[in-house]
Structure formats: structure tokens, C-alpha cells
Amino acid sequence: SSIKGVFRDHIFPKAKENDGSPADVLFGKGSAGKDASAGHISFGEARLIAFPVRSAKGAFALAVSPLTLSRLNRDAGWNLAIPEMPKDLTCRAGSKLVIERPDSKGVVIEEYAFSQEGDFPREWEEKLTSLLTDAVLASAAGRFVLLSDGDLSHFAVNACQVYQHVRIDDETGTADGGFLFNEETVPSETLLYSAFTVLRKDSENNAVFDALKTEQLVQFGGDGTTGLGFCSVKLV
């Protein structure tokens, strides 16, 4: 619902809800009653492809797993080979991440050391880096690391960014006692995708697809005034 609402406002910034505009046709109108209608396009949830984690070499890595790649492969209609599942605490990594020792090669991400069991699959690296012209992703060759589903799940749950805040008293301009709180966010450079499904084919759908063919910056979620939620977006 967040993705759908953001794109409705982004593509039709002047449209009002239930005003009979193309926005109502494409995105649906009303929440109940006889005048309510479903939109012509279904917007799927944002699904994880690659999760950024700190790396002892190369500053950061983009971690993926066979599960994230297989879901993307299926939903995008690609036919790329899905790599075998690495064992826990082993990986297949790009050259910018690998630390070499006389008797071993490995990658250190967050506080964990992974032994390298091969290079990251080249065909997947080329495909992922070509999805956007975003400066970080387009130059990410050598930064991808393939982990087991379990290891990637650990990082996705425990390696998000945490910001500490305190509420300010409007009268004194100082910290309001007892109102210290933390905010957890998806880290910058996370790569996600959302599947769009056309439920009813007509020419008006082109308004959505044409608007998203060009790579652009779109803000999702709250705290946009503090720089959060800005994403490079493109319809592939």
C-alpha cells in the first residue's frame, strides 16, 4: 500500500481522491461502498535483492542469497542459473572484498569471518549492476557476496541502521526528560524490487509505465525531511 500510494501521488501530483481522474482508474478509488473500484494495476511488496553490510576490505559489501536471487529470477521472468547454497560462514565473493592469507582467502563482514569458496557469479553481477545507472550500483562490480539464506537473514534482521533521538521540549529548547527513543531504518544502498501486475489491459496503463521508464528519485515512508526513504527507481 505504501508503494501504491507513493506512485499515485508521484505520477498524478494534482489528482484528488475519487475525482474521476486517470489516477482513480489506474490506482482504484474509494475504500468501501458502491462507487469503490479496484485499480488496473497491482503493486507488489518491496522484496529484498541485496543488503549492504560493512566489510573489512572495500568498506561495504552487497550481500545476496540463493533465495533472493531465485525470487527475482522468477518474478522478472529471467532464466539465469541459481547458484548453489553456500554453507554457513562460507561465501562466494567479489574481488574488492576478499582478504588473502598464505593459506586461505576470506571475507570479513560486520563481525564475522567467512571463508571464500569461489567467485561471485559473473552473470548475476552483470545483471544486477545493469538494473540502474545509480552511481553506487552501477560501479558495484566486485562488491557482491553470496551468503547462505540463513546468514543473509541474520544480517537483514540485525544490521539495520539505528538512530538515537530525544524529544525536544518546545518551551526550553532542551531535551525532554524520559523521551529518549531509537529509530531503526533500512540501510542506504539496499537493493529491492516490486512486481507490477496488469489486471486490466488498456491504454491508460501507459501513464504509469511511461512515467517510470526513466530512472528518478522517489521518497518512500516517513522522515523525508531528514533525508530518509529516497530511492533511485526505474521500471525494468
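Which residues of helix α1 are buried? Let's start there, everyone, and then walk through the rest together. Helix α1 covers residues 2–11, and its buried residues are Ile 3, Val 6, Phe 7, Arg 8 and Ile 11. As for what they pack against, the partners are α2 (22–27), β1 (41–43), β12 (196–198), α7 (206–212), β13 (216–219) and β14. Please keep in mind that this is a predicted model.

Now let me step back to the whole protein. You can count seven helices and 14 strands in it. Of its 236 residues, 36% count as buried. Taken along the principal axes, the C-alpha atoms fill a box of roughly 70 × 60 × 30 Å. Here is something about how the chain folds back on itself. If you take contacts between residues at least 6 apart in sequence, 60% of them join residues at least 24 apart.

Next, the inside. In soluble globular proteins, nonpolar side chains tend to be buried together. In this model, the largest nonpolar core has 19 residues, and the ones that touch the most other members are Val 64, Leu 72, Trp 124, Leu 128, Phe 144 and Leu 191. At least two residues of this core come from each of β2 (47–55), β3 (59–64), α3 (66–75), α4 (122–129), β8 (144–146) and β11 (191–193). There is also another core, lying apart from that one, with 18 residues, including Ala 93, Val 107, Ile 109 and Ala 159.

Let's zoom in on one member of the largest core, Leu 72. Setting aside neighbours within four places in sequence, Leu 72 is in contact with Ile 49, Trp 78, Trp 124, Leu 128 and Tyr 193.

Two of those contacts, Trp 124 and Leu 128, take us to helix α4. The buried residues of α4 are Trp 124, Glu 125, Leu 128 and Thr 129. Looking down the axis of α4, you would find these buried residues within an arc of 120°, so they line one face of the helix. Their cover includes β2, α3, α5 (135–138), β8 and β11.

Now for two single residues. Beyond residues up to four places away in sequence, Val 53 touches Ala 59, Phe 60, Ala 61, Ala 63, Ile 109, Glu 110 and Phe 155.

Gln 164 sits in strand β9, residues 161–168. With a relative accessible area of 58%, Gln 164 is exposed. Leaving out neighbours within four places in sequence, Gln 164 is in contact with Leu 180, Phe 181 and Asn 182. Gln 164 and Glu 184 are 20 residues apart along the chain, and 8.9 Å separates their C-alpha atoms.

A quick word on backbone angles. Most residues other than glycine have a negative phi, and most peptide bonds are trans. Leu 89, in the loop between α3 and β4 (90–93), has a positive phi, near 65°. Glu 110, in the loop between β6 and β7, also has a positive phi, about 50°.

Last stop, the empty space. Rolling a probe the size of a water molecule over the atoms shows where empty space is left. The largest pocket holds about 1600 Å³ of space. Its lining is made up of 48 residues, and those nearest its centre are Leu 192, Tyr 193, Cys 231, Ser 232 and Val 233. Which strand gives the largest share of that lining? The answer is β14, residues 230–233, with four residues. By class, the lining has 31 nonpolar, eleven polar and six charged residues.

Key
Residues numbered from 1 in each chain as written. Predicted model: local features only at pLDDT ≥ 70, side-chain atom pairs only at ≥ 80, totals over all residues. Heavy atoms only, no water. Core = buried A, V, L, I, M, F, W, Y, C linked by side-chain atoms within 4.5 Å. Buried < 20%, exposed > 50% of the residue type's maximum accessible area, 1.4 Å probe, protein only. Contact = heavy atoms within 4.5 Å. 1 Å grid on protein atoms, 1.4 Å probe; cavity = no way out; pocket = protein on both sides within 12 Å on 5 of 7 lines; lining within 4 Å. Points joined across faces, edges and corners; volume = space filled by probe spheres on them. Nonpolar A, V, L, I, M, F, W, Y, C, P; charged D, E, K, R; others polar. Arc of directions from axis to C-beta.
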